[in-house]
Each structure stands twice: as C-alpha cells, then as structure tokens.
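Q: Hi! Could you walk me through this model before I start on my notes?

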Amino acid sequence: MLSIYKDCDLLLDELHKFSNDVLYLGASITDDRLEKFEKRIGFSLPVDFKYIMKKHNGISLMDTEILGLDAALLRGSSLDEVYIFEHEADSAFPVGFLPFSPDGRGNHYCLNLSEQKEGICPVVFWQHDYAYENINDVEVCNVKFADWVKEVMIDWTLEDHNYDGTEK
C-alpha cells in the first residue's frame, strides 16, 4: 500500500507544477463523505482514488476533470449525482461502474469497481451511445486510477501545453 500512496503523492506533486490558471484542485475531504458514498453505492472505492480525493475533492486540468463530492465544484456536477443520473438514465450502465470523468460528449471514464482486487480497479471508457453486447467489450484504459491520472491528465496535457498552459 505504501507504494500506492507514494505514487499518488508523486502525481500530486506533478499536478502542482501546473499554473493555477489551468489547474483547479479542490479542498481536502476531512469528513466521512467518501465512506458514506461507498455505503450508498455498495462498493469500496479504490485506494488510489480515495487517497487523491481526500487530498483534493475534485480536480480540473485544462479540459479534463475528476468529479468531486460537491455539486458547487467544477461544472456543477458531483460524483454522487452523476453516478445516480447515469444509472437511472441508462439501464445498460453497469452497476459497478463509477463515472468520475466526463469527456464532454456524454461519455465517461469510469472506475470498474466490480473488478477491484487488493484495493485497485481498472479504469474503463463508457460510450453512452454504443450498445455493448457484453460488459467485457467496454474498453479498459488503465490498470488503475493513478495510471489514468498520469496518462490522461498529465501526459496528454503536456503533449500540447506547458505547465503554465501555453501551447507548445
């Protein structure tokens, strides 16, 4: 577990290199909101996701965001509200999928909580307009949430932009 926390701290250090003009880091979660959310959805959250959420309740870098547990954050959507909406609006949306990052087109990166092993679960990409014949057809993007943060939030941003948000 210590290596997971160390990896998360390194990711957060990397995120802190970005200018506040392009980065939003939510306040720490110091209460039991995450634990109440886990009870509500019937799944434990992966260790890396929970650790980062406790440090920053919602993150936004350029156009990529990680939803927090407060609707006042970011674009007015919260993790719990999006979870409920997606599961009520789309009967095919798997119960074990937790949508944590919208792509702006109705699709979401999700934690596949039903595949969690030793506190880690894969990140999948759910396309809202695709009729999956089998849940195994959903694209696995990353082995764990921390890998997703590194690749999608940090690396993809740095392909085209500097830490201050200017284009390369």
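**Pockets, helices and loops**

A: Happy to. β4 and α5 (145-160) each supply at least two residues to the lining of the largest pocket. Helices are DSSP runs of H or I with at least four residues, strands are E runs of at least two, and both are numbered from the N terminus.

Q: What kind of model is it, and how are residues numbered?
A: This is a predicted model: local features need pLDDT of at least 70, side-chain atom pairs count only at pLDDT 80 or more, and totals for chains, interfaces and linings use all residues. Residues are numbered from 1 along each chain as its sequence is written, and side-chain values use heavy atoms, with hydrogens and water left out.

Q: Thanks! Which residues line the largest pocket?
A: Asp 63, Thr 64, Ser 101, Pro 102, Asp 103, Arg 105, Tyr 109, Val 152 and Trp 156. A pocket here is an open set of points on a 1 Å grid over the protein atoms alone, where a 1.4 Å probe fits, with protein on both sides within 12 Å along at least five of seven lines; lining residues have an atom within 4 Å of a point.

Q: And what volume does the largest pocket have?
A: About 180 Å³, where volume is the space filled by probe spheres set on the points, joined across faces, edges and corners. By class, its lining has 4 nonpolar, 2 polar and 3 charged residues. Ala, Val, Leu, Ile, Met, Phe, Trp, Tyr, Cys and Pro count as nonpolar, Asp, Glu, Lys and Arg as charged, and the others, Gly among them, as polar.

Q: How about the second largest pocket, what is its volume?
A: About 150 Å³. The lining of this second largest pocket has 6 nonpolar, 3 polar and 1 charged residues, including Phe 97, Glu 115 and Ile 135.

Q: Switching to helices: which residues of α2 are buried?
A: In α2 (residues 33-41), those are Leu 34, Phe 37, Glu 38 and Ile 41. Buried means under 20% relative accessible area, exposed over 50%, and partly exposed in between (1.4 Å probe, protein chains only).

Q: Why are they on the same side of α2?
A: Because they cover an arc of only 105 degrees around the axis, taking the directions from the helix axis to the C-beta atoms. Lys 36, Lys 39 and Arg 40 are exposed on the other side of α2.

Q: What do the buried residues of α2 pack against?
A: They pack against α3 (47-55), α4 (79-89) and β4 (97-102), with contact meaning heavy atoms within 4.5 Å.

Q: Then α4, which residues are buried there?
A: Leu 79, Asp 80, Val 82, Tyr 83 and Glu 86 are buried in α4. They fall within an arc of 165 degrees seen down the axis, so they line one face of the helix. The face turned away from that buried side carries the exposed residues Phe 85, Glu 88 and Ala 89.

Q: How many disulfides does the structure hold?
A: It holds 0 disulfides, a disulfide being a pair of cysteine sulfur atoms within 2.5 Å. For Cys 121, the nearest cysteine sulfur is that of Cys 110, 10 Å away.

Q: Last one: where is Met 62?
A: Met 62 sits in the loop between β2 (59-61) and β3 (64-66). Its phi is near 55 degrees, a positive value in a residue other than glycine.
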